Number of protein chains: 2
Amino acid sequence: MKGKVVGIDIGGTNLRGALVNGSGNITKRLSIPSGADKGIGLVIENLGNLIEEIRKGEGIDGIGIGIPGIIDSTKGIITQAPNILHVHNYPFMDILRENIGNDMPVFVENDANCAALGELWKGAGEGVNSLVLLAIGTGLGGGIILDGKLWRGADGMAGEVGHMTIFPDGAKCNCGNRGCLETFSSAVGIGRMVKEGLENKSVETVLREKVESFPKGRIPEIVREAALEGDKFALWIWEEFGKALGIAIASLVNLLNVEMIVISGGLSDAWELFIDKVVGESKKRGLHAPMERIQIKKSTLGGDAGLLGAAYLVIREERQDFI
Amino acid sequence: MKGKVVGIDIGGTNLRGALVNGSGNITKRLSIPSGADKGIGLVIENLGNLIEEIRKGEGIDGIGIGIPGIIDSTKGIITQAPNILHVHNYPFMDILRENIGNDMPVFVENDANCAALGELWKGAGEGVNSLVLLAIGTGLGGGIILDGKLWRGADGMAGEVGHMTIFPDGAKCNCGNRGCLETFSSAVGIGRMVKEGLENKSVETVLREKVESFPKGRIPEIVREAALEGDKFALWIWEEFGKALGIAIASLVNLLNVEMIVISGGLSDAWELFIDKVVGESKKRGLHAPMERIQIKKSTLGGDAGLLGAAYLVIREERQDFI
């Protein structure tokens, strides 16, 4: 068992870092702006400072980093990262090494994969052997754990649960497909349903006034509030959100027969507004035996899942050292 | 490497057995009626005779058996097998042992999983590390190979590709769900489309005369012939068959980022009538990088995939011995 390690979660807005011990306890944490909108150069500089600050005076065994994008973990390359400026096949590990030196192991992984590992290690999935994590925020990401290990796929791209087709003739998705899960069960999906509803003048809803006076990023929050106040249109949106999730979960369970689905990410906070529909729809559609087995749980680590999962990359030494 | 082993494929109609060497060459083969319609007791008796006949005069290292149903491979129990009479939580291994003795390892596995292993070992998937096999016959079964190994799921039920939801409001499936892949891309699916088409009097097709004069089991064959003769309705059926497969494959690839999809089973013989639609539809829907990677191939082993995969269970000693 490793001693202390650093876990980092790179976000579009903030870099979050923590000192984590071998038992998964966080003994120090720090958060600074990521600078992702100004390009990857600044992100690396900020990351160097954050790591320096966390490891100061501590003997650490390694650093694990969760990155929002398609990651080649073996080569330490960011293949693609839509939320970080100037990133395409970027040699992240090499450049980070120039900044922080070569004196310890560094591991990188996609952020949803880190969250899945975090939940497996210390969260909702403690004790299970297989799970699929759905990270619901702006989009819908995923991480697949089979036999206690991350399934990364041939190109590190496995787990794109948000781009399972749910309604083949449905709304256009940012990926080019139609009717992806993400076009329903994500902030983007909620934004779409709100927009389409408000365009229909016969829809009566308090959202008509509220939406315009709030910034776009807060739409799911407003729809949640409206639903909790009993607004029928807002309640319908969360039902659609839950129905699409339920259809996807039934297919996932029929396909992978995992023990658990963990729902995480910012939008999982609206749990009570969608979970009944998720359970009802998935039970109606999934095969009996694997649906009997499955547990559908809310993340217990919240925003710390990614941090802990990143730390776990070092703890488990799932990765080769790049020194 | 093992010497010679026996591979068995239990079918609804026939029991097929082969003597297979460590290089995957079949040196002897035998086929007898299974008696599955008269109950599992007779199947075991026939199986005992078949094994006896194949191993006569040969020194063999073990027996691998592929079974059409839900198998608990570790305990040697058939949980469910719709095509064998009187089977529910049936202690297959124990009863077979009473019949054939305890002098060698016996391994059991679901038949589609065996086919996936067979294709990985000696077929279309030779040399790849991950694949999903779709076995298209009466229904649509599947087998998932990740990192060179079968992913069986928590209850041995993984790989039910045929019950991924494709059109949530589609036709009722035998499993209770609506719009499963199997309601399009299987003999059952073709039967449904033919029936619905013939009920619509405005549909002009040569199938109107042909279907009644042939037994039900031959419908896919007749629809294939009609399509090859240019019948528009029959061609449309194969397009729908391919479209649904393409939608499922895009979701599978986005989810698992495997290297290969292998299409096998009796209906894969109509390959040229559906493959263009499969490729077109999946390319249109799947994410760019994993779709660039994926190879969609027809089984190269045909009906021998299950036999060879069953033999491979012994060769690889993936199973514990039950002696």
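**Reading side-chain contacts**

Mentor: In chain B, a salt bridge joins the side chains of Arg29(B) and Asp304(B), at 2.7 Å from N to O. Arg29(B) belongs to strand 3 (residues 26-33) and Asp304(B) to helix 10 (residues 304-315), so the pair ties together parts that are 275 residues apart in sequence. Please note that this is a predicted model.

Trainee: Are Arg29(B) and Asp304(B) buried or partly exposed?

Mentor: Arg29(B) is partly exposed, with a relative accessible area of 45%, whereas Asp304(B) counts as buried at 17%. Buried means under 20%.

Trainee: What is the general idea behind such pairs, and which residue forms a salt bridge with Arg293(A)?

Mentor: Side chains of opposite charge can pair when their charged atoms come close. Arg293(A) forms a salt bridge with Asp155(B), with the closest N and O atoms 2.7 Å apart. Arg293(A) lies in helix 9 (residues 288-293) of chain A and Asp155(B) in a loop of chain B, so this pair joins two chains. Over all chains the count is 31 salt bridges.

Trainee: How is a pair of aromatic rings described?

Mentor: One gives the distance of the centres and the angle of the planes. There are 14 aromatic pairs over all chains. One of them is the stacked pair of Trp238(B) and Phe274(B), with 6.3 Å centre to centre and 25° between the planes. Trp238(B) is in helix 7 (residues 232-256) and Phe274(B) in helix 8 (residues 271-285), 36 residues apart.

Trainee: What are the relative accessibilities of Trp238(B) and Phe274(B)?

Mentor: Trp238(B) is at 1% and Phe274(B) at 0%, so Trp238(B) counts as buried, and Phe274(B) is buried too.

How values were computed
Residues numbered from 1 in each chain as written. Chains lettered and ligands numbered in written order. Predicted model: local features only at pLDDT ≥ 70, side-chain atom pairs only at ≥ 80, totals over all residues. Heavy atoms only, no water. Phe/Tyr/Trp six-rings, centres within 6.5 Å; stacked < 30°, edge-to-face > 60°. Helix = DSSP H or I, 4+ residues; strand = E, 2+ residues; numbered from the N terminus. Buried < 20%, exposed > 50% of the residue type's maximum accessible area, 1.4 Å probe, protein only. Salt bridge = Lys/Arg side-chain N within 4 Å of Asp/Glu carboxyl O.
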